Amino acid sequence: MTAFFASFPSFAGRPLTVDDANVNDTGDGHIEAWWTRSPNGVRSWTVAPAYAPFDNMELGAGIAREQFSGIQTQNIQAKFRLSPTQDNGCNFGAVTGYARVDGQSSQPYVNGLFSCNHPRLGSLHTNLGALNFSSSQRVRTWGVAWERAYGEVTVHIEKFGMEHEKPTIAAGLRFNVMEDLQLDTSVGRANKNNIFTLGLKWMF
């Protein structure tokens, strides 16, 4: 399960794995692409587009492919902003979707989102969710992250995991190389293995 969670596409805005409780403005979208070196030397590419067709809702999808094995992970999801985003305050959101790894049945998932923002202290995000929530093999997931902007660079630290697995601790940063193009990276550690990601995000 750890490898599945590490390569899970489009769980959150790059380079975070823990999601925030916000969505794109209506009519806005983005495409994220990143390379991951995850536990046991597994390397994968991921592409994840998202678009907001209506107020307070964002549709997303993702596909991740391991370079050597060819195993693919796909997902589709809908993300909802349940209360208004506040520059100095908290708001709620939710995600629901389906994910599938080659050779396995599709797994539904849900994720509850809670974000608090402060002008000087940054933002705190917490997640509580479940994979395969509609069956007796339901697995609970969780995460907490803090991020803050320092000039043009935003840094974060996060901890996340799932039931019966050791958590992952990660840190990363992002910055815009052009007005609508973001460069980002993160490093983490899970089960005594290092995880490294390098990605781009194009906003439109």
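Visitor: Where is Asn56 found?

Guide: Asn56 is found in the loop between strand E2 (42–54) and strand E3 (57–66), where helices (H or I, at least four residues) and strands (E, at least two) are DSSP runs numbered from the N terminus. Please keep in mind that this is a predicted model, in which local features need pLDDT of at least 70 and side-chain atom pairs count only at pLDDT 80 or more, while totals for chains, interfaces and linings use all residues. Residues are numbered from 1 along each chain as its sequence is written, and side-chain values use heavy atoms, with hydrogens and water left out.

Visitor: Why is Asn56 called partly exposed?

Guide: Buried means under 20% relative accessible area and exposed means over 50%, with partly exposed in between (1.4 Å probe, protein chains only). Asn56 has a relative accessible area of 35%, so it is called partly exposed. Asn56 also has a positive phi of about 65 degrees although it is not a glycine.

Visitor: What makes Lys192 count as exposed?

Guide: The relative accessibility of Lys192 is 71%, which is over 50%, and therefore Lys192 counts as exposed. Lys192 is found in the loop between strand E11 (181–190) and E12, and Lys192 has a positive phi of about 65 degrees although it is not a glycine.

Visitor: Why are Trp35 and Phe196 called an edge-to-face pair?

Guide: Rings of Phe, Tyr and Trp (its six-membered ring) pair if their centres lie within 6.5 Å, and planes under 30 degrees apart count as stacked, over 60 as edge-to-face and the rest as tilted. By this rule the count comes to three aromatic pairs. In one of them, Trp35 and Phe196 are 6.1 Å apart centre to centre with 65 degrees between the planes, so the distance is within 6.5 Å and the angle is over 60, which makes the pair edge-to-face. This pair links distant parts of the chain, with Trp35 in strand E1 (residues 29–38) and Phe196 in strand E12 (residues 193–203), 161 residues apart. Phe196 is partly exposed, with a relative accessible area of 31%.

Visitor: Why does the pair of Asp102 and Arg100 count as a salt bridge?

Guide: The closest N and O atoms of Asp102 and Arg100 are 3.9 Å apart, which is within 4 Å, and so the pair counts. Asp102 is partly exposed at 35% relative accessibility, and Arg100 is partly exposed at 34%. A search of the whole structure finds seven salt bridges; another of them joins Glu163 to Arg140, with the closest N and O atoms 3.0 Å apart.

Visitor: Why is Asn132 called buried?

Guide: Asn132 has a relative accessible area of 16%, which is under 20%, so Asn132 is called buried. Asn132 lies in the loop between strand E7 (122–131) and E8. Leaving aside its neighbours within four places in sequence, Asn132 is in contact (heavy atoms within 4.5 Å) with Gln107, Pro108, Gln137 and Arg138.

Key
A salt bridge is a side-chain nitrogen of Lys or Arg within 4 Å of a carboxyl oxygen of Asp or Glu.
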